Amino acid sequence: KVLRFQNNYEKWVAFVGLMDGKPYEIFTFKVFTGLDIKDGTMGNIVKNKKKGERSRYDFVYEEDGADITIKGVNNCVDMEFSNYSKLLSGILRHGMPLPFFVNQLVDLKFAEDHITTWKNGLVRVVKQFIKDGETSASNCPECDSKLVYQEGCLSCKSCGHSKCG
């Protein structure tokens with residue numbers, strides 16, 4: 001699934017690989033000229049490997065009845081963010097529950113930490129896959145009960161506290 005976000009006021013895209021409807025891997029990169037994929041587009045990342053060459057990953061999707069292939073999406077990835085994506089994908093593949101995964105993302109420390117950082121964009125992307133009512137790893141600051149996700153916000157069923165206001 002393709003999801004868009006911002007990183008330092010630049011347009012970025014996340015390709016979230018799904019297995020059984022749950023995130024399994026994440027590729028993120030800055031939107032480049034010609035990448036006109038709509039937010040929410042579903043497609044497939046296809047690995048192409050020729051003997052003696054590095055693997056190439058293509059994104060294949062359908063639009064208006066036509067198959068479209070974007071070749072070499074792995075060549076668009078910034079090395080630093082590629083490393084983060086590999087680590088995060090490994091965590092997802094080993095089954096970390098998404099609420100814990102989001103908490104790990106939130107706790108990452110970067111030199112810049114504001115609403116439009118890569119980290120915060122990715123938090124918003126991953127939260128879209130957390131089902132309403134799923135329990136968070138966090139406790140309510142008001143009554144110490146477990147917080148649950150409701151429409152992407154952490155809320156307390158006991159006292160009504162919400163991190164979204």
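Modeller: Start with one definition: two strands pair if DSSP finds at least two bridges between them. Keep in mind that this model is predicted.

Biologist: Then take the sheet with S4, S5 and S6. What is the order of its strands, and what is the pairing?

Modeller: The order is S4-S5-S6, the sheet of 3 strands is open, and the pairing is antiparallel.

Biologist: Which strands stand at the edges?

Modeller: Strand S4 (43–48) and strand S6 (66–70) do. Each has a single partner strand, so one side of each has no neighbour in the sheet.

Biologist: How are neighbouring strands of this sheet turned against each other?

Modeller: By 25° on average, with direction ignored.

Biologist: How many bridges join S4 to S5?

Modeller: There are 6, and S4 runs antiparallel to S5, which covers residues 56–63.

Biologist: Let me try a single residue. Where is the place of Ala14, and is Ala14 buried or exposed?

Modeller: Ala14 sits in strand S2. The cut-off for buried is under 20% relative accessible area. Ala14 has 0%, so it is buried.

Biologist: Which residues is Ala14 in contact with, leaving aside neighbours within four places in sequence?

Modeller: Lys1, Val2, Leu3, Phe5, Phe27, Thr28 and Val125. For a distance along the chain, take Lys131. Ala14 and Lys131 are 117 residues apart in sequence, and 19 Å separates their C-alpha atoms.

Biologist: Now a loop residue, Lys38. Where does Lys38 lie?

Modeller: In the loop between S3 and S4. Setting aside residues up to four places away in sequence, Lys38 touches Val2 and Glu63. Lys38 and Asp144 are 106 residues apart in sequence, and their C-alpha atoms are 41 Å apart.

Biologist: On to helix H1. How far apart are its end C-alpha atoms?

Modeller: The expected span is 1.5 Å times one less than the number of residues. H1 has 15 residues, 79–93, which means it should span 21 Å. Its end C-alpha atoms are 21 Å apart, in agreement.

Biologist: Which residues in H1 are buried?

Modeller: Phe81, Ser82, Ser85, Leu88, Ser89 and Leu92. Down the axis of H1, the buried residues fall within an arc of 130°, so they line one face. The general idea is this: an α-helix has 3.6 residues a turn, so residues three or four places apart point the same way.

Biologist: Which exposed residues does the face of H1 turned away from its buried side carry?

Modeller: Met79, Lys86 and Leu87.

Biologist: What covers the buried residues of H1?

Modeller: The cover includes strands S1 (2–7), S2 (10–19) and S3 (22–30), along with helices H2 (98–107) and H3 (118–127). Just after H1, Gly95 takes a positive phi of about 85°.

Biologist: Last, the cysteines. How many disulfides does a search of the whole structure find?

Modeller: It finds 0. The cut-off is a pair of sulfur atoms within 2.5 Å. For Cys143, the closest cysteine sulfur is in Cys156, 3.5 Å away, too far for a bond. Cys159 is in no disulfide either, and its nearest cysteine sulfur, that of Cys140, is 3.6 Å away.

Biologist: What relative accessibility does Cys143 have, and what relative accessible area has Cys159?

Modeller: Cys143 is at 34% and counts as partly exposed. Cys159 is at 41%, and is partly exposed.

Conventions. Residues are numbered from 1 along each chain as its sequence is written. This is a predicted model: local features need pLDDT of at least 70, side-chain atom pairs count only at pLDDT 80 or more; totals for chains, interfaces and linings use all residues. Side-chain values use heavy atoms; hydrogens and water are left out. Helices (H or I, at least four residues) and strands (E, at least two) are DSSP runs, numbered from the N terminus. Buried means under 20% relative accessible area, exposed over 50%, partly exposed in between (1.4 Å probe, protein chains only). The arc is that of the directions from the helix axis to the C-beta atoms. Contact means heavy atoms within 4.5 Å. Axes are lines fitted to C-alpha atoms, for helices over the stretch in contact, and angles run from 0 to 180 degrees between N-to-C directions.
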